[in-house]
Amino acid sequence: MASEHRTFANPEQAGYVGFANLPNQVHRKSVKKGFEFTLMVVGEAGLGKSTLVNSLFLTDLYPERHIPGAAEKIDKTVSIDASTVEIEERGVKLRLTVVDTPGYGDAINNEDCFNPIIKYIDEQFERYLQDESGLNRRNIVDNRVHCCFYFISPTGHGLKPLDIDFMRALHHKVNIVPVIAKSDTLTKREISKLKSKIMNEIEENGISMYRIPDCDSDEDEDFKEQNRQLKDGMPFAICGSSQLIEVKGRKVRGRLYPWGVVEVENPDHCDFIKLRSMLITHMQDLQEVTQDVHYENFRSEKLAKSGGKPLKPKMQREASLETKMSEKDKILLEKEAELKRMQEMLAKMQQQMQQQHGVSQSHNV
(Lines give C-alpha, C1' and ligand atoms only; values in the text may rest on other atoms or scores of the structure.)
Protein backbone atom coordinates (compact mmCIF):
# COMPACT_ATOMS: atom_id res chain seq x y z
CA MET A 1 0.00 0.00 0.00
CA ALA A 2 1.52 3.26 -1.10
CA SER A 3 1.95 5.88 1.63
CA GLU A 4 0.06 9.08 1.11
CA HIS A 5 2.18 12.22 0.69
CA ARG A 6 0.61 15.17 2.44
CA THR A 7 1.90 18.68 2.04
CA PHE A 8 2.64 20.67 5.22
CA ALA A 9 -0.14 23.22 5.54
CA ASN A 10 0.72 26.79 6.55
CA PRO A 11 -1.70 27.66 9.36
CA GLU A 12 -1.19 31.39 8.96
CA GLN A 13 -1.86 33.84 6.19
CA ALA A 14 0.77 35.27 3.85
CA GLY A 15 3.04 37.95 5.33
CA TYR A 16 2.73 36.51 8.85
CA VAL A 17 5.85 34.99 10.45
CA GLY A 18 4.26 33.63 13.62
CA PHE A 19 6.36 34.87 16.56
CA ALA A 20 3.29 36.79 17.79
CA ASN A 21 2.20 33.36 19.05
CA LEU A 22 5.13 33.12 21.49
CA PRO A 23 3.14 34.45 24.51
CA ASN A 24 0.66 31.59 24.00
CA GLN A 25 3.53 29.09 24.13
CA VAL A 26 4.80 30.65 27.38
CA HIS A 27 1.25 30.58 28.75
CA ARG A 28 0.81 26.86 27.93
CA LYS A 29 4.20 26.00 29.45
CA SER A 30 3.50 28.01 32.62
CA VAL A 31 0.06 26.45 33.08
CA LYS A 32 1.54 22.97 32.63
CA LYS A 33 4.37 23.65 35.10
CA GLY A 34 2.23 25.45 37.67
CA PHE A 35 3.12 28.37 39.92
CA GLU A 36 4.80 28.70 43.31
CA PHE A 37 4.18 31.39 45.89
CA THR A 38 5.19 31.78 49.53
CA LEU A 39 3.24 34.12 51.80
CA MET A 40 4.30 34.96 55.36
CA VAL A 41 1.82 36.27 57.93
CA VAL A 42 3.19 38.05 61.01
CA GLY A 43 1.30 39.61 63.88
CA GLU A 44 0.19 39.20 67.45
CA ALA A 45 -2.14 36.36 68.39
CA GLY A 46 -5.86 36.98 67.96
CA LEU A 47 -5.65 39.39 65.01
CA GLY A 48 -7.28 36.96 62.54
CA LYS A 49 -4.25 35.88 60.50
CA SER A 50 -5.42 32.29 59.94
CA THR A 51 -8.98 33.41 59.17
CA LEU A 52 -7.74 35.90 56.56
CA VAL A 53 -5.53 33.32 54.80
CA ASN A 54 -8.41 30.82 54.67
CA SER A 55 -10.70 33.57 53.32
CA LEU A 56 -8.21 34.67 50.66
CA PHE A 57 -7.68 31.25 49.10
CA LEU A 58 -11.02 29.57 50.03
CA THR A 59 -9.23 26.71 51.75
CA ASP A 60 -8.57 25.44 55.28
CA LEU A 61 -4.84 25.53 55.92
CA TYR A 62 -5.11 24.85 59.64
CA PRO A 63 -7.58 21.94 60.09
CA GLU A 64 -5.96 20.61 63.29
CA ARG A 65 -4.59 23.79 64.79
CA HIS A 66 -3.91 23.86 68.53
CA ILE A 67 -4.50 27.21 70.22
CA PRO A 68 -2.27 27.47 73.33
CA GLY A 69 -3.71 28.63 76.62
CA ALA A 70 -2.40 31.42 78.85
CA ALA A 71 -0.17 29.03 80.86
CA GLU A 72 1.43 27.64 77.67
CA LYS A 73 2.19 31.14 76.36
CA ILE A 74 4.38 32.07 79.37
CA ASP A 75 7.49 30.20 78.18
CA LYS A 76 6.53 30.02 74.49
CA THR A 77 8.98 31.50 71.98
CA VAL A 78 8.42 32.48 68.36
CA SER A 79 8.16 29.43 66.11
CA ILE A 80 7.90 29.06 62.34
CA ASP A 81 4.99 27.03 60.97
CA ALA A 82 5.00 26.49 57.18
CA SER A 83 1.94 24.90 55.53
CA THR A 84 1.89 24.00 51.83
CA VAL A 85 -1.26 23.34 49.82
CA GLU A 86 -1.86 22.69 46.12
CA ILE A 87 -4.70 24.85 44.78
CA GLU A 88 -6.20 24.37 41.30
CA GLU A 89 -8.54 26.83 39.62
CA ARG A 90 -9.67 26.46 35.98
CA GLY A 91 -6.75 24.18 35.18
CA VAL A 92 -4.12 26.49 36.72
CA LYS A 93 -2.17 24.99 39.63
CA LEU A 94 -0.73 27.07 42.45
CA ARG A 95 1.62 25.61 45.07
CA LEU A 96 0.92 27.95 47.96
CA THR A 97 3.10 27.96 51.08
CA VAL A 98 1.84 30.00 54.02
CA VAL A 99 4.40 30.68 56.76
CA ASP A 100 2.83 31.48 60.12
CA THR A 101 4.74 32.84 63.13
CA PRO A 102 2.90 31.72 66.30
CA GLY A 103 4.24 33.30 69.48
CA TYR A 104 5.24 36.60 67.86
CA GLY A 105 4.56 39.56 70.16
CA ASP A 106 2.99 37.40 72.89
CA ALA A 107 5.79 37.62 75.47
CA ILE A 108 6.24 40.35 78.10
CA ASN A 109 9.70 41.18 76.70
CA ASN A 110 9.47 41.10 72.89
CA GLU A 111 12.97 42.38 72.23
CA ASP A 112 14.52 40.59 69.25
CA CYS A 113 11.49 38.25 69.01
CA PHE A 114 11.70 38.58 65.21
CA ASN A 115 15.18 37.00 65.01
CA PRO A 116 13.74 33.51 64.21
CA ILE A 117 11.79 35.12 61.32
CA ILE A 118 14.96 36.76 59.92
CA LYS A 119 16.79 33.44 60.30
CA TYR A 120 14.04 31.59 58.39
CA ILE A 121 14.06 34.09 55.49
CA ASP A 122 17.88 33.94 55.26
CA GLU A 123 17.79 30.12 55.35
CA GLN A 124 15.44 30.05 52.35
CA PHE A 125 17.74 32.44 50.46
CA GLU A 126 20.73 30.26 51.39
CA ARG A 127 18.97 27.08 50.23
CA TYR A 128 18.03 28.68 46.92
CA LEU A 129 21.62 29.93 46.45
CA GLN A 130 22.98 26.42 47.06
CA ASP A 131 20.47 24.86 44.64
CA GLU A 132 21.24 27.52 42.04
CA SER A 133 24.99 26.88 42.40
CA GLY A 134 24.55 23.11 42.10
CA LEU A 135 24.82 20.86 39.07
CA ASN A 136 21.09 20.05 38.75
CA ARG A 137 19.25 23.36 38.30
CA ARG A 138 16.21 22.06 36.44
CA ASN A 139 13.90 21.34 39.37
CA ILE A 140 14.70 24.03 41.93
CA VAL A 141 11.90 24.48 44.47
CA ASP A 142 11.48 28.16 45.29
CA ASN A 143 10.65 28.49 49.01
CA ARG A 144 11.80 32.11 49.29
CA VAL A 145 9.28 34.35 51.05
CA HIS A 146 7.71 36.51 48.32
CA CYS A 147 5.35 38.58 50.46
CA CYS A 148 4.80 39.32 54.15
CA PHE A 149 1.43 40.47 55.49
CA TYR A 150 2.17 42.39 58.69
CA PHE A 151 -0.91 42.63 60.91
CA ILE A 152 -1.36 45.85 62.87
CA SER A 153 -3.68 45.97 65.86
CA PRO A 154 -6.72 48.24 65.33
CA THR A 155 -6.60 49.39 68.99
CA GLY A 156 -2.98 50.57 69.01
CA HIS A 157 -3.55 54.14 67.74
CA GLY A 158 -0.77 53.69 65.17
CA LEU A 159 2.39 51.59 65.08
CA LYS A 160 3.85 50.10 68.25
CA PRO A 161 7.65 50.16 68.84
CA LEU A 162 7.70 46.41 68.05
CA ASP A 163 5.98 47.06 64.69
CA ILE A 164 8.60 49.66 63.74
CA ASP A 165 11.52 47.47 64.87
CA PHE A 166 10.20 44.50 62.88
CA MET A 167 9.68 46.47 59.66
CA ARG A 168 13.08 48.15 59.98
CA ALA A 169 14.78 44.77 60.40
CA LEU A 170 13.01 43.05 57.49
CA HIS A 171 12.07 45.68 54.89
CA HIS A 172 15.27 44.98 52.90
CA LYS A 173 14.71 41.19 53.02
CA VAL A 174 11.03 40.76 52.08
CA ASN A 175 8.09 42.62 50.51
CA ILE A 176 6.13 43.94 53.50
CA VAL A 177 2.42 44.70 53.08
CA PRO A 178 0.95 46.30 56.24
CA VAL A 179 -2.59 45.20 57.11
CA ILE A 180 -4.95 46.70 59.71
CA ALA A 181 -6.61 43.70 61.33
CA LYS A 182 -10.24 43.43 62.47
CA SER A 183 -11.24 46.71 60.83
CA ASP A 184 -14.91 45.99 61.61
CA THR A 185 -14.18 47.27 65.14
CA LEU A 186 -13.52 50.78 63.73
CA THR A 187 -15.67 53.42 62.05
CA LYS A 188 -14.79 54.69 58.56
CA ARG A 189 -13.46 57.93 60.03
CA GLU A 190 -11.27 56.03 62.53
CA ILE A 191 -9.92 53.80 59.74
CA SER A 192 -9.02 56.84 57.62
CA LYS A 193 -7.19 58.53 60.53
CA LEU A 194 -5.36 55.30 61.45
CA LYS A 195 -4.26 54.71 57.83
CA SER A 196 -2.78 58.21 57.46
CA LYS A 197 -1.03 57.93 60.86
CA ILE A 198 0.51 54.55 59.97
CA MET A 199 1.73 55.80 56.58
CA ASN A 200 3.29 58.89 58.23
CA GLU A 201 5.08 56.74 60.82
CA ILE A 202 6.35 54.36 58.11
CA GLU A 203 7.75 57.31 56.16
CA GLU A 204 9.27 58.96 59.26
CA ASN A 205 11.14 55.77 60.19
CA GLY A 206 12.51 55.23 56.66
CA ILE A 207 10.70 51.92 56.17
CA SER A 208 10.32 50.67 52.58
CA MET A 209 7.14 48.65 52.26
CA TYR A 210 6.06 47.01 49.00
CA ARG A 211 5.15 49.62 46.40
CA ILE A 212 2.66 48.72 43.71
CA PRO A 213 4.28 49.38 40.30
CA ASP A 214 2.98 52.15 38.07
CA CYS A 215 0.85 51.28 35.06
CA ASP A 216 2.20 51.45 31.51
CA SER A 217 0.81 54.19 29.30
CA ASP A 218 -0.88 51.64 26.99
CA GLU A 219 -2.94 50.04 29.81
CA ASP A 220 -6.71 50.53 29.72
CA GLU A 221 -8.33 53.14 31.97
CA ASP A 222 -10.14 50.60 34.17
CA PHE A 223 -6.86 48.92 35.12
CA LYS A 224 -5.23 52.30 35.80
CA GLU A 225 -8.12 53.28 38.08
CA GLN A 226 -7.92 49.95 39.91
CA ASN A 227 -4.17 50.42 40.38
CA ARG A 228 -4.69 53.94 41.74
CA GLN A 229 -7.29 52.70 44.25
CA LEU A 230 -4.96 49.92 45.41
CA LYS A 231 -2.15 52.43 46.01
CA ASP A 232 -4.46 54.78 47.90
CA GLY A 233 -5.91 51.90 49.93
CA MET A 234 -2.64 50.92 51.65
CA PRO A 235 -2.42 49.90 54.44
CA PHE A 236 -5.43 47.67 53.80
CA ALA A 237 -8.07 47.58 56.54
CA ILE A 238 -9.53 44.07 56.46
CA CYS A 239 -11.66 41.54 58.27
CA GLY A 240 -11.90 37.89 57.32
CA SER A 241 -14.53 35.18 57.60
CA SER A 242 -15.18 31.78 56.08
CA GLN A 243 -18.78 31.67 57.36
CA LEU A 244 -21.64 31.94 54.85
CA ILE A 245 -24.53 34.20 55.93
CA GLU A 246 -27.79 34.78 54.07
CA VAL A 247 -28.44 38.47 53.39
CA LYS A 248 -31.49 39.56 51.37
CA GLY A 249 -31.85 36.18 49.70
CA ARG A 250 -28.18 35.75 48.78
CA LYS A 251 -25.38 33.99 50.62
CA VAL A 252 -22.30 36.04 51.44
CA ARG A 253 -19.18 35.46 53.49
CA GLY A 254 -19.25 37.72 56.48
CA ARG A 255 -19.75 38.30 60.19
CA LEU A 256 -23.13 38.57 61.88
CA TYR A 257 -23.56 41.20 64.61
CA PRO A 258 -26.65 42.42 66.51
CA TRP A 259 -26.49 45.66 64.51
CA GLY A 260 -26.05 44.03 61.08
CA VAL A 261 -23.79 41.99 58.82
CA VAL A 262 -20.21 42.81 57.78
CA GLU A 263 -19.67 41.44 54.26
CA VAL A 264 -16.06 40.41 53.74
CA GLU A 265 -16.20 40.84 49.94
CA ASN A 266 -18.03 44.18 50.01
CA PRO A 267 -15.56 47.03 49.26
CA ASP A 268 -17.76 49.45 51.24
CA HIS A 269 -17.29 47.32 54.39
CA CYS A 270 -13.55 46.53 54.26
CA ASP A 271 -10.49 46.33 51.94
CA PHE A 272 -10.52 42.53 51.62
CA ILE A 273 -11.20 42.67 47.85
CA LYS A 274 -8.41 45.24 47.39
CA LEU A 275 -5.93 43.07 49.30
CA ARG A 276 -6.83 39.98 47.27
CA SER A 277 -6.68 41.94 43.99
CA MET A 278 -3.27 43.34 44.93
CA LEU A 279 -1.93 39.89 45.78
CA ILE A 280 -3.27 38.14 42.66
CA THR A 281 -2.70 40.98 40.17
CA HIS A 282 0.86 41.69 41.33
CA MET A 283 1.91 38.15 42.32
CA GLN A 284 4.42 38.03 39.47
CA ASP A 285 5.85 41.44 40.44
CA LEU A 286 6.22 40.32 44.07
CA GLN A 287 8.25 37.33 42.85
CA GLU A 288 10.37 39.53 40.56
CA VAL A 289 11.15 42.04 43.33
CA THR A 290 12.12 39.12 45.59
CA GLN A 291 14.45 37.77 42.89
CA ASP A 292 15.90 41.03 41.55
CA VAL A 293 16.16 43.06 44.78
CA HIS A 294 16.01 41.07 48.03
CA TYR A 295 17.70 37.88 46.81
CA GLU A 296 20.37 39.84 44.94
CA ASN A 297 21.08 41.86 48.11
CA PHE A 298 21.54 38.61 50.05
CA ARG A 299 23.68 37.10 47.30
CA SER A 300 25.94 40.17 47.04
CA GLU A 301 26.41 40.17 50.84
CA LYS A 302 27.45 36.51 50.73
CA LEU A 303 29.89 37.21 47.89
CA ALA A 304 31.35 40.19 49.76
CA LYS A 305 31.88 38.07 52.89
CA SER A 306 33.62 35.34 50.88
CA GLY A 307 35.94 37.89 49.25
CA GLY A 308 34.23 37.76 45.88
CA LYS A 309 34.97 34.04 45.46
CA PRO A 310 31.81 32.06 46.25
CA LEU A 311 32.34 28.43 47.16
CA LYS A 312 29.86 26.25 45.36
CA PRO A 313 28.46 23.55 47.65
CA LYS A 314 28.71 20.90 44.94
CA MET A 315 32.39 21.81 44.47
CA GLN A 316 33.42 21.49 48.13
CA ARG A 317 34.93 18.05 47.52
CA GLU A 318 37.00 19.42 44.63
CA ALA A 319 38.03 22.36 46.82
CA SER A 320 39.19 20.01 49.58
CA LEU A 321 41.18 18.04 47.00
CA GLU A 322 42.77 21.29 45.82
CA THR A 323 43.66 22.11 49.44
CA LYS A 324 45.29 18.71 49.84
CA MET A 325 47.20 19.23 46.58
CA SER A 326 48.40 22.65 47.71
CA GLU A 327 49.65 21.09 50.99
CA LYS A 328 51.58 18.46 49.00
CA ASP A 329 53.06 21.19 46.78
CA LYS A 330 54.12 23.07 49.91
CA ILE A 331 55.91 19.99 51.31
CA LEU A 332 57.62 19.39 47.96
CA LEU A 333 58.79 22.98 47.80
CA GLU A 334 60.17 22.75 51.34
CA LYS A 335 62.05 19.55 50.44
CA GLU A 336 63.44 21.14 47.28
CA ALA A 337 64.66 24.14 49.28
CA GLU A 338 66.28 21.82 51.86
CA LEU A 339 67.96 19.82 49.09
CA LYS A 340 69.24 23.04 47.54
CA ARG A 341 70.72 24.13 50.90
CA MET A 342 72.45 20.75 51.29
CA GLN A 343 73.89 21.01 47.77
CA GLU A 344 75.21 24.49 48.56
CA MET A 345 76.79 23.20 51.79
CA LEU A 346 78.43 20.30 49.91
CA ALA A 347 79.78 22.71 47.29
CA LYS A 348 81.27 24.90 50.06
CA MET A 349 82.83 21.88 51.78
CA GLN A 350 84.33 20.69 48.50
CA GLN A 351 85.72 24.17 47.88
CA GLN A 352 87.27 24.28 51.37
CA MET A 353 88.82 20.83 50.90
CA GLN A 354 90.31 21.87 47.56
CA GLN A 355 91.78 24.99 49.18
CA GLN A 356 93.29 22.96 52.06
CA HIS A 357 94.70 20.45 49.56
CA GLY A 358 96.36 23.28 47.60
CA VAL A 359 97.91 24.76 50.76
CA SER A 360 99.36 21.39 51.82
CA GLN A 361 100.96 20.89 48.37
CA SER A 362 102.67 24.31 48.53
CA HIS A 363 104.15 23.44 51.97
CA ASN A 364 105.62 20.19 50.64
CA VAL A 365 107.30 22.01 47.79
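**Close-up views of a predicted model**

**View 1. Strands S7 and S8 form a hairpin with 2 residues between them.** Lys248, in the turn, has a positive phi of about 50 degrees. Helices (H or I, at least four residues) and strands (E, at least two) are DSSP runs, numbered from the N terminus. S7 (residues 244-247) and S8 (residues 250-257) run antiparallel and are joined by 4 bridges; two strands pair if DSSP finds at least two bridges between them. Val247 stands opposite Arg250 in S8. The covered face of S7 holds Ile245 and Val247, and the uncovered one Leu244 and Glu246. In a regular strand the side chains alternate between the two faces of the sheet.

The model is predicted: local features need pLDDT of at least 70, side-chain atom pairs count only at pLDDT 80 or more, and totals for chains, interfaces and linings use all residues. Residues are numbered from 1 along each chain as its sequence is written, and side-chain values use heavy atoms, leaving out hydrogens and water.

**View 2. Helix H4 spans residues 115-133.** Its buried residues (under 20% relative accessible area; exposed is over 50%, partly exposed in between; 1.4 Å probe, protein chains only) include Ile117, Tyr120, Gln124 and Tyr128. The buried residues of H4 pack against strands S1, S2 and S3 and helices H5 and H9, where contact means heavy atoms within 4.5 Å.

**View 3. A cis peptide bond joins Met234 and Pro235.** Omega is about -5 degrees. Pro235 lies in the loop between helix H7 (221-233) and strand S6 (236-237).

**View 4. Lys182 has a positive phi of about 45 degrees although it is not a glycine.** Lys182 is found in the loop between strand S5 (176-180) and helix H6 (188-204). Lys182 is partly exposed, with a relative accessible area of 36%.

How values were computed:
The expected span of a helix is 1.5 Å times one less than its number of residues.
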